[in-house]
Amino acid sequence: MKLYTFFRSSASFRVRIAMNHKRLKYEAAIVSLPKGEHLEANYKSVNSQGLVPALEDAGRLLTQSLAIIEYLDEVHPGPKLLPSDPLDRAYVRALSQIVACEIHPLNNLRTLKYIRKAYKLDEEGVNAWYRHWIAEGFEMVESFLKRERKHGKFCFRDQVTMADCCLVPQVFNAQRYNCDLKPYPAVVRLHEECMKLEAFIAAQPSKQPDAA
Ligand SMILES: N[C@@H](CCC(=O)N[C@@H](CS)C(=O)NCC(=O)O)C(=O)O
């Protein structure tokens, strides 16, 4: 399999964790976001959305990290990233989507570029925007965890799931922007537990071939 990825891309990071956890080998095809390679014709012929990640599996191209993770979980062997019970699956998908749909799009590269230019924001203005959406989103995660009471060592009991694949990269991003994580003790504890595992350690940005 070939994974189109960028070391700092948190959506790519989700898929790298999932593949490592399921012990699936892949070749990394680096797409540099700062160089704008994701918007070049070459890459657009792979993913017309101009976003990373994308995955090539036996000549088929897949996009959107959550769809990729669910596909891998359905067709490839290895530990399951989605629970078998429909209610538990809905819980894991809900947690994953709080990160992927409620936080990430608001803090994505093209969103930050747009607000910087259209509203003439300086670096501090952009950072304040970033931290605001992290705080709102992590508050959602934290209260959801407390209400559902399904987390254990990981987001879903003691089983690594797609929710952990989503949460950990978002915590990395939050740390990069110096967000205050003290109000989210469950998020921090789950992150620390995941980061003891080789699948997560090997998937982190600093371990990628394109890390600066
Ligand atoms: N919902 C997509 C998000 C993909 C995405 O936005 N990737 C970012 C990097 S994390 C990207 O390619 N950004 C380019 C841009 O915003 O111009 C997914 O889950 O795969």
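R147 is exposed, with a relative accessible area of 64%; exposed means over 50%, buried under 20%, and partly exposed in between (1.4 Å probe, protein chains only). Its salt-bridge partner is E148, with the closest N and O atoms 2.7 Å apart. E148 is partly exposed, at 24% relative accessibility. This is a predicted model, where local features need pLDDT of at least 70 and side-chain atom pairs count only at pLDDT 80 or more, while totals for chains, interfaces and linings use all residues. Residues are numbered from 1 along each chain as its sequence is written, and side-chain values use heavy atoms, leaving out hydrogens and water.

**Salt bridges**

- Side chains of opposite charge can pair when their charged atoms come close.
- The structure holds ten salt bridges, each a side-chain nitrogen of Lys or Arg within 4 Å of a carboxyl oxygen of Asp or Glu.
- One of them joins K150 to D88, and their closest N and O atoms are 2.6 Å apart.
- This pair links distant parts of the chain, 62 residues apart. K150 lies in the loop between α6 (123-148) and α7 (162-176), while D88 belongs to helix α4 (residues 86-103).
- Helices (H or I, at least four residues) and strands (E, at least two) are DSSP runs, numbered from the N terminus.
- Are K150 and D88 buried or exposed? K150 is buried, with a relative accessible area of 15%. D88 is buried as well, at 11%.
- K182 and D180 form another salt bridge, at 3.4 Å from N to O. K182 counts as exposed, at 70% relative accessibility. D180 counts as partly exposed, at 44%.

**Around the ligand**

- How many residues surround the ligand? There are 15 of them, and the closest are V52, Q64, S65, N108 and R110.
- H38 uses its side chain, where a polar atom lies 3.1 Å from an oxygen atom of the ligand.
- Q64 also uses its side chain, with a polar atom 2.7 Å from a nitrogen atom of the ligand.
- Taken alone, the ligand exposes 510 Å², and the protein buries 91% of that. These areas come from the Shrake-Rupley method with a 1.4 Å probe.
- Which elements give two or more residues to the shell around the ligand? They are α1 (10-21) and α5 (109-118).
- Helix α1 supplies the largest share of that shell, three residues.

**Buried residues in loops**

- K22 sits in the loop between α1 and β2. K22 is buried, at 3% relative accessibility.
- The side chain of K22 meets the side chain of D73 in a polar contact of 2.8 Å. A polar contact is a pair of N or O atoms within 3.5 Å; within protein, one must be able to donate a hydrogen and the other to accept it, and residues adjacent in sequence count only if both atoms are side-chain atoms.
- S32 is placed in the loop between β2 (27-30) and α2 (41-44). S32 is buried, with a relative accessible area of 10%.
- A polar atom of the S32 side chain lies 3.2 Å from the backbone nitrogen of K35.

Conventions: Near = heavy atom within 4 Å.
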